[in-house]
Amino acid sequence: MSDFLLELRCEEIPARMQAGARAELEKLFRREMDASGVSVDAVTVWSTPRRLALIARDLPEATKAVSEEAKGPPVGAPDQAVDGFCRKNGVSRDDLEVRDVKGRETYFAVKNVPGRATGDLLGEAILAIIRDFSWPKSMRWGAASLSTESLRWVRPLSGIVALLGDAVVECEVHGVTSGAVTLGHRFHHHGDITIGNAGDYAMKLRAGHVIVDHEERQNLIREGAATVASDAGLSLVQDEGLVIENAGLTEWPVPLLGRFDEEFLDVPPEVIQLTARVNQKYFVCESKDGKLANAFVCTANIEAEDGGAAIVDGNRKVLAARLSDARFFWELDQKTPLREHAKKLERITFHEKLGSVADKVERVAKLARWLVEEGIVRGAGADQAEQAARLAKADLVTEMVGEFPELQGLMGGYYADKEGLPREVSDAIRDHYKPVGQGDDVPTAPVTVAVSLADKLDTLVGFFQIDEKPTGSKDPFALRRATLGILATLLRNDLRVGLRRLITAAAHAGGATDAGRDIAEFFIERLKVQERDNGIRHDMIDAVLPNERDGDTVRTVARVHALQAFIDTDNGTNLLAGYKRAANILKKEDWHGIEGEIARTGEEDPLALVDDPDMKAVIDAKMEERHARELSYTPEPAEKALIEALDTAEPQAEKAIEAENFEAAMSALASLRAPIDAFFEDVTVNDPNEDKRAARLDLLARFRAAVHNVADFSKIEG
């Protein structure tokens, strides 16, 4: 058994491509080994800006000889069929064997494949890996690049180290021949480095000032940057993405702390951090009071003789130029009020079928005011909600957001604050995009809630109405995220409103008369996704929805949680079993009970606004009539016990549901568990006496209806 080392060296690999390249290298290597019959266990893949490296442990010296056979046509088949079979399997007619298959002589091709040296297989594998390697962007180079058949790689490939044990695996790619020689750090090491085997690869490169393990470099940057900040009495602003990026830019990382002029601290801290991060890949620091400090940490790729002073000074000058630009944008944008900036939104198309961003702002302003005036969002002023909505998108045309689109909303909040607008308005402008993803803060300030909801509702309903719905994994307008944001905002703020009402209001704000029910169904699917992440089963939501007909998300979720908690108990599990037994009997007997005698309205619409009150009155009257009807026989003890239990549980559950005390409603159902078990144990439902049979089927239908008033147990799996 031997270890295999492969290093592919080239010019600088972009940091953003290195993680994908590591995964691609391992995938292709395993593919080639599997195809060759070589078993592979542990594989280590490393990357630096100038190389990809793979080490596979304990590869066999050679593959085992195997015998392969394939069944062919029967003897006497047309020559064309037999010859085709021979060509397919790489044999001649003389090599074919004849065997009896179910009384018929049949040709078989038998090939004895000898074992091969693993080194030979690896040489072929390297060629295939380099040929098939997928980069987000690649290039051709040299004279061969005139042909479209020439090698493509992320940067010109300059070296291949391929060793199985201490032996070189021979191969040649695009004029580059494999060997045991590599190069160290571009500045700290001169001359070749000869690798003995996979075991000394990392050690010899370290001696050449190259830390080949990307995770080790990340740890050095993470800890080193925090240390230099701490030594200066500061704390590093954590940025894991920047740690990974700097590790992808250096082979010998050395974090260094520098300072910039304090006058730049007048610019919002987010602007300074983004300028340092995006343009220069620098970390920023905070002082002990938690405010941004005039300090940055850059990651050098060398250990400088002067301790990095010249490097820091050069980086300071570059950062100063960038910050000067940012300050210029900051000051220039403030010379124009947000309301004037907002007028320019007419020139920006939101969507060709939905008009300009100014058109969207108009719709959102109407909807935000409606949310407040209708009392759905409490504690906000309608005028402030409308004002915030009309200014929320104004920063899209500012110079700062043009330079840093990530700052949209945030800069509008700063500019509103500088103008002296009410704090509620500036906060709403700043935060109206939230939540923008899982784990993001959900707004709770009333004005912000109104604008955030209105913005997302307008986007969702608008795109559905022009039939731009998410399909499969494609969601170009982030409608799934918008919907989850709406649901999170409703739940976090305990907003008691039906989804259908919100959807219809958003449609009216856009001039439409109604919205399609497919939006309601989309909400339900997103609710299932959201609650699944909270550990709630999708069938629990399905069971509750028929009883939550107005789509009140807060009440629906509370009911779902109570149902799952109940089903997870012994009482819930056993009651579910009893329900399913009752439902199966009723289905087999085609017995629908009172609720089946009267057609209900709106059952196909999960978010219908209300049931028909007249129909409900008819059903209630029928139920009272049936319950009051005298039995023509004396009920058996278990039968009587179930009747009495239902007489008690039904009003208890109904009262609890009206009070939205769903735990109490489930407790009322739990009281039916023992009586229904005893009923099935002691009572014969299909009694020969027709009166008894009908009464007992009615009793089971009543039991089923009592359960359905809390949740539709037929939707529950298990």
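A cavity here is a set of points, on a 1 Å grid over the protein atoms alone, where a 1.4 Å probe fits but cannot get out; lining residues have an atom within 4 Å of a point. Grid points are joined across faces, edges and corners, and a volume is the space filled by probe spheres set on the points. Keep in mind that this is a predicted model: local features need pLDDT of at least 70, side-chain atom pairs count only at pLDDT 80 or more, and totals for chains, interfaces and linings use all residues. Residues are numbered from 1 along each chain as its sequence is written, and side-chain values use heavy atoms, with hydrogens and water left out.

**Cavities**

The structure holds two cavities of 30 Å³ or more. In the table, Ala, Val, Leu, Ile, Met, Phe, Trp, Tyr, Cys and Pro count as nonpolar, Asp, Glu, Lys and Arg as charged, and the others, Gly among them, as polar. Helices (H or I, at least four residues) and strands (E, at least two) are DSSP runs, numbered from the N terminus.

| Cavity | Volume | Lining by class |
|---|---|---|
| Largest cavity | about 50 Å³ | six nonpolar, three polar, one charged |
| Second largest cavity | about 30 Å³ | five nonpolar, one polar, three charged |

For the second largest cavity, the lining includes Lys360, Lys393 and Asp455, along with His432. Helix 10 (357–373) and helix 15 (446–465) each give two or more residues to that lining, and helix 10 has the largest share, with three. As for the largest cavity, its biggest contributor is helix 18, also with three residues.

**Helix 13**

Which residues of helix 13 are buried? In this stretch (residues 410–419), they are Leu410, Met411, Gly412, Gly413, Tyr415 and Ala416, where buried means under 20% relative accessible area with a 1.4 Å probe, protein chains only. They pack against helices 7 (269–280), 8 (309–334), 9 (338–343), 12 (399–403) and 14 (423–431), with contact taken as heavy atoms within 4.5 Å.

**Around strand 15**

Two strands pair if DSSP finds at least two bridges between them. Strand 15 (residues 283–286) pairs in the antiparallel sense with strand 13 (residues 235–236) over two bridges, and Ser235 has Glu286 as its bridge partner. Strand 15 is also antiparallel to strand 16 (residues 292–300), this time over three bridges, with Val284 opposite Phe296. Strands 15 and 16 make a hairpin with five residues between them, and Gly290 in the turn has a positive phi of about 85 degrees.

Methods: Buried < 20%, exposed > 50% of the residue type's maximum accessible area, 1.4 Å probe, protein only. 1 Å grid on protein atoms, 1.4 Å probe; cavity = no way out; pocket = protein on both sides within 12 Å on 5 of 7 lines; lining within 4 Å.
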